[in-house]
Amino acid sequence: MDHSSETGAGGSRRFASRPESVGPARRFVRDALAGAGADVVETAELLAGELVTNVVLHARTEAEVAAWAADGVVHVQVGDRRPERGPVPQDLPHPGPGHGLAMVRQLASRYGVETGEERKTVWFELWEDGRPPQPSGWEIPAPPSGPTRTVTLVDLPGTLYLASQRHRHALLRELTLAGFAGEDTGVRPEDLAVAHDMSNLISAGLTEALEKQPAVAHIHSLNLVLPADAGRAVATLRRVLDLAEQAARDERLLTWPAMPQNRVFRRWLLDQITGQLAGEPVTAWTVVPRDPSASPWELVPWDVGHVRASRVPTIAADEENRIVVANGPAADMLGWQADDLVGRRLTVLIPEHLRGRHMAAFTSLLRTGQPHILGRSVPLPALHRDGRLVPVRLFIQTQGTADGRTVFVAQLSPRTAPPDPVPPASGESGFAGAEEPAESGEMGGPDEAGGSDEVGEAVLPEAPELVGKESGDEPGGAAAQERRLLADIGESLSSTPNLEEGLQRVCTILTQRLADWCVVDLLNDWDQLERMCVGHCGPAALPAEVHAGRLPSVTGTARGPLARVLRGAGPLLLTERPPPSQVNSPLDAHYVDLFERVGANSAVVAPLRTRGPVFGALTLARTGKERAFTEEALPLIGDLVRSLSLGVEHARLYQETRQIAERLQRSLLPVLPDVEHLQMAARYAPSSTTAQIGGDWYDSFLVPNGQTAVVIGDVAGHDLEAAVAMSQLRSMLRGIAIDRQEPPEEVLRRLDVASHTLSQEATATCIYALVTGPESGPWELKHSSAGHLPPLLTTKEGGTRYLEGGAGLLLGMEPEMPRPGAANPFPAHSTVLLYTDGLIERRDESLDHAMDRLRRYTAALAREPLDVFCDELLIGLGADSADDIAILAVRPVPPDRSP
């Protein structure tokens with residue numbers, strides 16, 4: 001029963017500890033503040049409801065609410081009878097329901113808590129006159145009474161912890177509300193009470209410990225003080241959370257299950273607490289095995305600036321499937337303006353025939369917490385704004401926001417060669433100026449070098465571990481360190497075919513061992529300057545102005561350090577901010593701004609070049625009052641940029657060769673013929689892990705006698721030579737087939753003989769098939785195979801059969817050996833699939849198992865349209881394929897004779 005009394009001009013009322021009390025409490029506040037402004041009353045009502053919810057969930061006592069207005073100030077108090085349980089606030093940028101204290105902190109003019117022997121009262125004020133809020137704070141919870149033990153949590157990721165805490169509180173809240181509603185959750189009320197209290201105790205301790213950590217840090221090692229006998233309560237908390245997690249997966253709670261890495265983190269956190277309380281050793285989070293879908297970005301909060309600055313087409317969506325940011329490259333790829341995509345459902349970029357699948361998969365991920373495509377490279381089509389399909393590889397990972405929400409970050413890699421960029425208009429970005437002689441230093445005398453540290457590997461070191469000169473005479477001293485540094489730089493670029501990824505690795509190494517900041521700028525083919533990567537030592541977020549991206553033009557008026565180096569000077573030693581006399585262009589101003597924003601005390605700018613002109617620059621900077629760069633560092637940096645320049649040149653040559661081969665390969669993929677009684681669809685997806693070029697191809701054309709030819713093939717190799725050989729075989733096969741109009745086995749024999757005139761060593765697999773029969777049916781498939789995987793026939797009813805007849809040797813083996821042929825009925829509405837081995841073959845898996853899996857997939861897709869059929873095969877079987885993939889599906893359909 002509720003009880004009322006008067007307090008000031010308003011009043012107070014007590015409410016029972018049940019969820020139904022929240023509504024009456026809000027109405028009471030509204031009535032008590034009837035004379036105040038509508039906006040203030042609405043805010044007071046909202047906050048009071050959140051605080052009463054906290055009492056019901058956490059204190060589990062009656063709530064006493066008081067509200068009154070006086071002299072333009074609204075006062076609200078919410079009390080409970082658990083003074084020993086202090087508030088556990090969270091500093092969230094976007095608090096919502098379930099985060100009452102964070103909402104009070106954000107919306108109230110003043111707030112606080114008063115604790116007595118029998119009661120605890122949370123209060124807040126709202127000022128109607130618009131005065132700025134006064135500094136406020138919550139009372140720090142008292143440490144646990146009685147004997148305590150300290151638990152050490154090593155390498156705790158702050159962002160992942162916030163997501164875990166948010167989800168833990170949501171599970172317990174919904175479990176409590178389900179219990180109040182009379183649902184059988186399998187959790188005893190007394191266990192739920194213990195779980196709530198233990199969760200709040202952990203949150204209070206970690207919140208206090210995190211507040212003492214540097215604001216810029218994203219990973220922490222901290223101590224958590226708990227009662228010595230808390231082990232049993234923590235075990236109860238874990239058991240309750242496991243039951244709640246299962247209830248969420250069964251859709252019996254109004255919250256989603258945890259994301260995979262969130263579950264792993266929660267298990268680690270509770271294991272560390274129970275284990276250390278029992279005397280077990282400490283295990284750092286950074287050595288815990290990750291879920292395959294885990295992202296390396298889990299350690300830092302999601303930053304919209306990283307997406308906007310990325311050169312990789314990237315789109316991020318929230319848990320409601322709405323786009324929260326899209327960068328320029330992604331928008332350009334899909335025909336949108338980046339800002340126009342924000343707020344739209346992600347389905348606007350998904351072809352209509354895949355939208356149902358997307359929504360089902362996305363809902364399943366949220367509902368079950370089980371990832372299927374997270375952390376995998378999946379080939380599928382994206383929808384361009386003009387309606388055409390854009391083949392891409394999609395790579396999705398999750399990342400946590402600063403307030404514990406989950407963002408889904410998708411990178412889109414085009415599966416076609418990018419179109420040639422349009423050169424800049426005359427004068428837009430010219431690179432002018434004669435080369436200047438190299439210099440060893442610039443501006444001001446060098447300071448004394450700071451002491452050097454031993455090189456070592458550490459997790460997120462406080463400062464870079466320097467390569468120095470002072471220990472050169474000691475075993476493993478500076479000379480050995482320098483050799484190791486140069487070797488690691490070379491390996492970083494040679495171990496990945498992706499130039500940007502390799503440069504990012506280089507920046508990471510240099511900021512761990514030589515500098516606080518590392519910046520790499522490169523000129524493209526039209527002398528446009530692009531910032532390829534920015535790296536820095538420490539967990540602080542990058543200023544928005546220093547992200548990678550296009551830089552101002554290198555004009556003839558540019559006189560700053562970067563412009564001079566790009567004309568051939570350097571390495572240049574900068575011991576102070578470049579003077580105003582050197583700021584003559586936007587590029588100069590941009591570089592000076594960079595120097596200031598990173599807080600550099602010194603920097604070295606060095607040119608990147610091999611045998612030709614300069615094609616880029618490396619900037620290394622140190623910050624703070626000590627360890628400034630001196631002239632002694634210049635020889636090492638000179639060696640370093642020579643190694644880096646060779647690596648960049650080789651990587652660019654590799655990428656150029658890859659793009660030429662991919663463009664060649666893509667140009668040879670044909671437009672399928674329009675045959676009234678045949679439906680056809682084809683797909684090609686380069687490898688997700690190699691150079692993205694290979695010898696896979698498909699083809700289809702009409703033979704002069706009216707039959708339809710279908711072809712699939714695979715030339716050995718994954719390089720430009722394989723792509724060229726593929727183009728030659730494709731052209732020869734077409735010519736032979738159209739000229740001779742012979743059975744498939746004879747066409748392949750002639751192709752084998754002809755291929756030997758090109759190369760005696762090249763080998764390839766191929767299927768050449770003819771679809772024969774009148775327009776209205778019946779039809780027959782005649783084919784011959786040169787060492788290729790057999791065609792798969794799938795009937796309309798879902799029956800499957802491999803057409804294993806007509807199998808012969810690979811092309812390039814024995815050209816004079818007769819080749820077998822085969823003929824099979826081709827029922828109406830059935831589907832024949834031709835495919836290359838990249839679709840099914842997996843390392844450490846038998847071919848029989850792989851072919852059985854393909855049969856199951858095609859059986860399930862038997863009645864789907866061929867576009868859906870092919871896309872689903874690529875999505876389901878082509879993710880993370882180490883080989884390129886070509887597929888061609890053919891389906892005979894009798895013509896519609898209805899009037």
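I count a contact when heavy atoms come within 4.5 Å. I take angles between N-to-C directions, from 0 to 180 degrees. The model I am reading is predicted.

**Entry: the sheet.** I looked up the strand order. I found 5 strands in an open sheet, ordered S20-S30-S29-S25-S26, with antiparallel pairing. Which strands stand at the edges? They are S20 (678-685) and S26 (800-802). Each has a single partner strand, so one side of each lacks a neighbour in the sheet. From one strand to the next, the twist averages 15°.

Entry: I followed S20 to its partner. S20 pairs with S30 (residues 885-892) over 8 bridges, in the antiparallel sense. I checked leucine 678 and found its bridge partner in S30 to be proline 892.

**Entry: helices across the sheet.** I then looked at H19 (residues 847-860). H19 lies across S25 (792-794), S26 and S29 (831-835), and runs at about 140° to S26. Next I took H20 (residues 866-877). H20 lies across S20, S29 and S30, at about 25° to S20.

**Entry: helix H15.** I moved to H15 (residues 586-597). Its 12 residues reach 16 Å from first C-alpha to last, close to the 16 Å expected. Which residues of H15 are buried? I listed Leu587, Asp588, Tyr591, Val592, Leu594 and Phe595. They cover an arc of only 155° around the axis, which puts them on the same side of H15. Among the elements covering them are S14 (517-523), H14 (561-566) and S19 (616-623). Just after H15, I noted glycine 599 with a positive phi of about 65°.

Note on methods
Residues numbered from 1 in each chain as written. Predicted model: local features only at pLDDT ≥ 70, side-chain atom pairs only at ≥ 80, totals over all residues. Heavy atoms only, no water. Pairing = 2+ DSSP bridges. Helix = DSSP H or I, 4+ residues; strand = E, 2+ residues; numbered from the N terminus. Expected span 1.5 Å × (residues − 1). Buried < 20%, exposed > 50% of the residue type's maximum accessible area, 1.4 Å probe, protein only. Arc of directions from axis to C-beta.
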